[in-house]
Amino acid sequence: WLKFPSVGTRHYHPELTMVMPTCWSDLHIAAAKMKSTHLKTLLQDQVRNDSMYVKFGGMTLDYCREKVDRDTMTKLFALADSMGMHEKKHKMFSGERINETENRPVLHVALRSPRDAVINVDGKNVVP
């Protein structure tokens, strides 16, 4: 078990301890800064607000009402990259066994996939 200051108790994970000194601590510092910043103050910065919109595939994500700024998001993305998030996402969507505790795939993505999608597990399409 590892105890992160004001984050809580987490399971020990070797990948996390490798990135903790840089990416995690940088993000933790940014989070502390955001905690002491009022959302009303953040919403007064139109450049920040405009940067908190993501449009893709006919969908718009607006996270300007979250207590983050570009620096916080940059640090969050750096942590995700350092943990191999893109590769893990690919494994999740391809039906690989990424649930290490139960040695099985995580199939909730199959429940939300279009009916014509193919996610194979042990040679069988598991999309309902």
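**Charged side chains, inside and out**

At 37% relative accessibility, Arg 104 is partly exposed (between the limits for buried, under 20% relative accessible area, and exposed, over 50%, with a 1.4 Å probe and protein chains only). Its partner is Glu 102, and the two side chains meet in a salt bridge at 2.5 Å, N to O (a side-chain nitrogen of Lys or Arg within 4 Å of a carboxyl oxygen of Asp or Glu). Glu 102 is partly exposed too, at 48%.

This is a predicted model: local features need pLDDT of at least 70, side-chain atom pairs count only at pLDDT 80 or more, and totals for chains, interfaces and linings use all residues. Residues are numbered from 1 along each chain as its sequence is written, and side-chain values use heavy atoms, leaving out hydrogens and water.

The salt bridge count comes to five. One of them joins Lys 33 to Asp 69, with the closest N and O atoms 3.3 Å apart. Lys 33 lies in helix 1 (residues 14-35) and Asp 69 in the loop between strand 4 (59-62) and helix 4 (70-82), so the pair ties together parts 36 residues apart in sequence. Helices (H or I, at least four residues) and strands (E, at least two) are DSSP runs, numbered from the N terminus. Lys 33 is partly exposed at 44%. Asp 69 is buried at 14%.

Now turn to Arg 48, in helix 3 (residues 46-51). Arg 48 is buried yet has no salt bridge. The nearest side chain of opposite charge, Asp 45, is 6.1 Å away (Lys and Arg count as positive, Asp and Glu as negative; His and the chain ends are not counted). The Arg 48 side chain instead reaches the backbone oxygen of Val 68 at 2.9 Å.

How values were computed. Polar contact = N/O pair within 3.5 Å; in protein donor to acceptor, adjacent residues only side chain to side chain.
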